[in-house]
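Work through these exercises with the model open beside you. Try each task before you read its solution.

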Amino acid sequence: MKYSLNEICERIGVRFEGDGTALIRGVNTVDDARCDEVTFAEESRYYEKVAQGEAAAIIVAEDFPDLPGRNLLRVANPRLAFMQIMEMFVVPPEVTGVHPDASVADGAVLAEMVSVGASAVVADQASIGAYTVIEAGAYIGAAVTVGERCHIGANAVLMRGVRLGNRVIIHAGATIGGEGFGFVWLGDHHHKVPQLGSVQIDDDVEIGCNSCVDRATMGLTRIRRGTKIDNQVHIAHNNDIGEDVIIAGQFGSSGSVTIGNQAVFGGKACIADHLSVGEKARVGGASVIIKDIEAGAVVFGMPAQPKRQTFQEMAALKRLPELVKTVKAQERALRQLQKRVAELTSKL
Amino acid sequence: MKYSLNEICERIGVRFEGDGTALIRGVNTVDDARCDEVTFAEESRYYEKVAQGEAAAIIVAEDFPDLPGRNLLRVANPRLAFMQIMEMFVVPPEVTGVHPDASVADGAVLAEMVSVGASAVVADQASIGAYTVIEAGAYIGAAVTVGERCHIGANAVLMRGVRLGNRVIIHAGATIGGEGFGFVWLGDHHHKVPQLGSVQIDDDVEIGCNSCVDRATMGLTRIRRGTKIDNQVHIAHNNDIGEDVIIAGQFGSSGSVTIGNQAVFGGKACIADHLSVGEKARVGGASVIIKDIEAGAVVFGMPAQPKRQTFQEMAALKRLPELVKTVKAQERALRQLQKRVAELTSKL
Amino acid sequence: MKYSLNEICERIGVRFEGDGTALIRGVNTVDDARCDEVTFAEESRYYEKVAQGEAAAIIVAEDFPDLPGRNLLRVANPRLAFMQIMEMFVVPPEVTGVHPDASVADGAVLAEMVSVGASAVVADQASIGAYTVIEAGAYIGAAVTVGERCHIGANAVLMRGVRLGNRVIIHAGATIGGEGFGFVWLGDHHHKVPQLGSVQIDDDVEIGCNSCVDRATMGLTRIRRGTKIDNQVHIAHNNDIGEDVIIAGQFGSSGSVTIGNQAVFGGKACIADHLSVGEKARVGGASVIIKDIEAGAVVFGMPAQPKRQTFQEMAALKRLPELVKTVKAQERALRQLQKRVAELTSKL
């Protein structure tokens, strides 16, 4: 992939004065950009690096200092402009049709322009929307519905009856539609509670590598529009995850959890069953949620509580060993005083 | 799948008075049950919901209030009866034989009625028991033994020599028989300790999606009869997990851990190497076990200790920032008193 | 596999006096070794077990007490000698060539003696070094480079452009090269930050089952020579993991983390973004790193801090509920004293 500098400038709405025919082959950090790459420098403290670098052009803010001899592209929002250039270099999943080594059941329905990789399997009654790409080794179970322009990663698994909206990305190795974890003890063995529900994943959701979303016991485990989930996350049965939620790696939920829109979870956080987290709540990494979290709350810790409180407790805890000693010393001082006061009293 | 209401009643031993010919197509929650579904209401506080719902029939306890016009099915244990009905709607894994796109080695031995999905691989010397279903993309390594009526999920991996009993369920993406994590530092590099042992998983065990069970360094990593393991759990080399143990999602063990029968682990708990957890111990979610846990103990926290103690400490910790201030104020008060008493003493 | 006792002795440089023709078929623990197996006893406290066992030979330290009738093999370092014998029993991955059910793109380049298992897929422009073994169901994406004598486990995934050195082991189900988790909120949706970088894994690295290594946003996520990573570990985008690092199971990192050479991480530890851990630092299991860790530091806890301090705090915390009571009692005692001193003062 390559573009002329003029094409790059056009994309981000910058008028370029010099020779715009140079070919740009990629983007890179301000430290590593080579002479055929574009970079960006968000703040003027990168001035020296920009001056010494080789980058073909540098996206900067409008108030970045002048730098003769370097191609500065001045924009209102350098980060956003740079992202637009990055997007020009994304390699889209290739639409290559059904690979001869794929296995597509006769009863599966594939819309136009669907790709299915080698060793991938599409089972009976599955329905795949237009322009969806199913990578090598992925498994699309019976009666699964996948919308348009979805991307199912290599060796990902969508089990029987799972439903995906449009533009959903399921990364490699993720398993969607496993059975909820439910058993009842019948005196001599754990008896399996049938898991008859399914999973519905709405438009524009992204689910990371090796993550798991379990099907509901009855009804649906639901992940709503625009939610982004990182790698190795576990979403348990009957969860209802709102819209535009962000869930970082290794998060884990228990059954019947409800998450409000635009909530944000740091990595490795977890939540006990039947709890809810309100809209726009922010949960710090590694937090352990053992009671409901209100909308907009900013929480952290084990147990999760207002972040400010956890940090106060952590600070106080650091002083606790010293405090134990102080209280002991006070105990001695008190005893002495008591004795002394008793003596004084008797003398009066 | 559909059954007449009469068939449903017969299954749970209820004599139905009205017209039992209505067709039931599923089960659902009391909130969502439609006119062709059965639901259950465990307590009388669901009376209003039952009254307003459309469910074809409602399983209730024997003392549930009367509700003319609704089909109440009175039983001693509504939850159990409902589960029995749920089981009628389970879709069993299909016995479809060996898919033409499966790859079964000539030296593999398949009993009668074994199914192997597309792109699944059964290696040399593997032995698969009757009625076992191997889903698409699963890998059964060389000399693996799988018992009867097992279910191996899509893209699951059973590595060389692993042994499974009967009715074992390995969910999608799980990997059984990876190498234990052992190295010795030889001055300039970590040298791999050979992992020569294997894994034995006994009857009626269930292992969740994307979970891992490592093979022993020597001997066996063992998971005993009836134990149920959730998604993304890591069982390390040389563990001996007892019978009827429950292990929720994202639990992780270190090497040479021993777990007693019927112990229960909440999600994301973990345990250091060479430790043991006694029978029927209950370990709360996200607990970090750094010393042995006695049989029957109920523990929680980091580090795991009696749950009651952890909660007491958490409560006390909340008051710690205030306590620090109190002790400081006491220090001042003590100083003043000491000064005052000294003055009094000098006056006498 | 079997060797004569003479061959075993020769391998570890021990001169054996007795009849060395007995056939040894494996190694085992001192508890379980059978008459055709070799075991080891590191300390003399195993004397009784050795005396009562059946092992064909026992590797012991030079000062181990005599035991007539048992074949003691005396060496300077019993553990190392035993490991050398274990290595004689390792089953190497078989070099079987390309399986007829594998799918190798015409544009892929395979060196001599490469094995590709059934249902494995090697995409266009991928390059595989000599003696590398790709197990069943693994996916090698477009333009991936794999060095010599690597071992790619069953159903593992190497995504587009990922680069592996020589003798790299990627265990079953691991996914290398997933997209970094980066989004910017554009007022009404999370917009994906393109992930244009790649992953480079250097010589002699090992990555466990179902682990994930994400590609860099730009540039490389790097795992350097000799580093060993356990199961279910998540390495985020733009991490730079040093040489000979040890990372136990379920560790998780955030973006742009730097780890020094020979650092060691216990299981389930995690680290926030943009932090660094110095060389030879030792991080205890389940630690939560929220600030930089110095070279050589030994840390533990949530938050991670010097291990000694965390244990002091844990000990103090145990006494906190009692401390709260003590301070309350002191408060009462102080009030009484103040009152009493005031009375005394007024009497004077």
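**Exercise 1. Decide whether C:Thr132 is buried or exposed, and list what it touches.**

Solution. 
- Step 1: count neighbours. C:Thr132 has 26 other C-beta atoms within 10 Å.
- Step 2: apply the cut-offs. A residue is buried if 20 or more other C-beta atoms lie within 10 Å of its own, exposed if 12 or fewer, and partly exposed in between, with C-beta atoms placed from the backbone. C:Thr132 is therefore buried.
- Step 3: locate it. C:Thr132 sits in the loop between β11 (127-128) and β12 (133-134) of chain C. Helices (H or I, at least four residues) and strands (E, at least two) are DSSP runs, numbered from the N terminus.
- Step 4: list the contacts. Two residues are in contact if their C-beta atoms, placed from the backbone, lie within 7 Å. Leaving out residues up to four places away in sequence, C:Thr132 touches C:Val114, C:Val146, C:Glu148, C:Arg149 and C:Cys150.
- Step 5: compare sequence and space. C:Thr132 and C:Val116 are 16 residues apart in sequence, and their C-alpha atoms are 8.6 Å apart.

Two notes on the model. It is predicted: local features need pLDDT of at least 70, side-chain atom pairs count only at pLDDT 80 or more, and totals for chains, interfaces and linings use all residues. Residues are numbered from 1 along each chain as its sequence is written, while chains are lettered from A and ligands numbered from 1 in the order in which they are written.

**Exercise 2. Find the strand order of the open sheet of four strands in chain A, and the helix that packs on this sheet.**

Solution. 
- Step 1: recall the rule. Strands of a sheet pair through backbone hydrogen bonds, either parallel or antiparallel. Here, two strands pair if DSSP finds at least two bridges between them.
- Step 2: read the order. The sheet runs β3-β4-β5-β6 in chain A, and the pairing is parallel.
- Step 3: find the edges. They are β3 (26-27) and β6 (72-75) of chain A, each pairing on one side only.
- Step 4: check one pair. Four bridges join β5 (residues 57-61) of chain A to β6(A). A:Ile59 stands opposite A:Leu73 in β6(A).
- Step 5: Axes are lines fitted to C-alpha atoms, for helices over the stretch in contact, and angles run from 0 to 180 degrees between N-to-C directions.

**Exercise 3. Describe the side of chain A that touches chain C.**

Solution. 
- Step 1: count. The contact takes 55 residues from chain A and 51 residues from chain C.
- Step 2: name the elements. On the side of chain A, α3, α4 (307-318) and α5 each supply at least two residues. α5(A) gives the most, with twelve residues.
- Step 3: sort by class. Ala, Val, Leu, Ile, Met, Phe, Trp, Tyr, Cys and Pro count as nonpolar, Asp, Glu, Lys and Arg as charged, and the others, Gly among them, as polar. This side of chain A has 26 nonpolar, 20 polar and nine charged residues.

**Exercise 4. How do α5(A) and α4(C) cross?**

Solution. 
- Step 1: take the geometry. The axes of α5 (residues 320-347) of chain A and α4(C) come within 8 Å and cross at roughly 45 degrees.
- Step 2: classify. Angles under 35 degrees count as roughly parallel, over 145 as roughly antiparallel, 65 to 115 as roughly perpendicular and the rest as oblique. So α5(A) is oblique to α4(C).
- Step 3: name the residues. A:Leu320, A:Pro321 and A:Val324 meet C:Gln312, C:Glu313, C:Ala316 and C:Leu317. By class, five are nonpolar, one is polar and one is charged.
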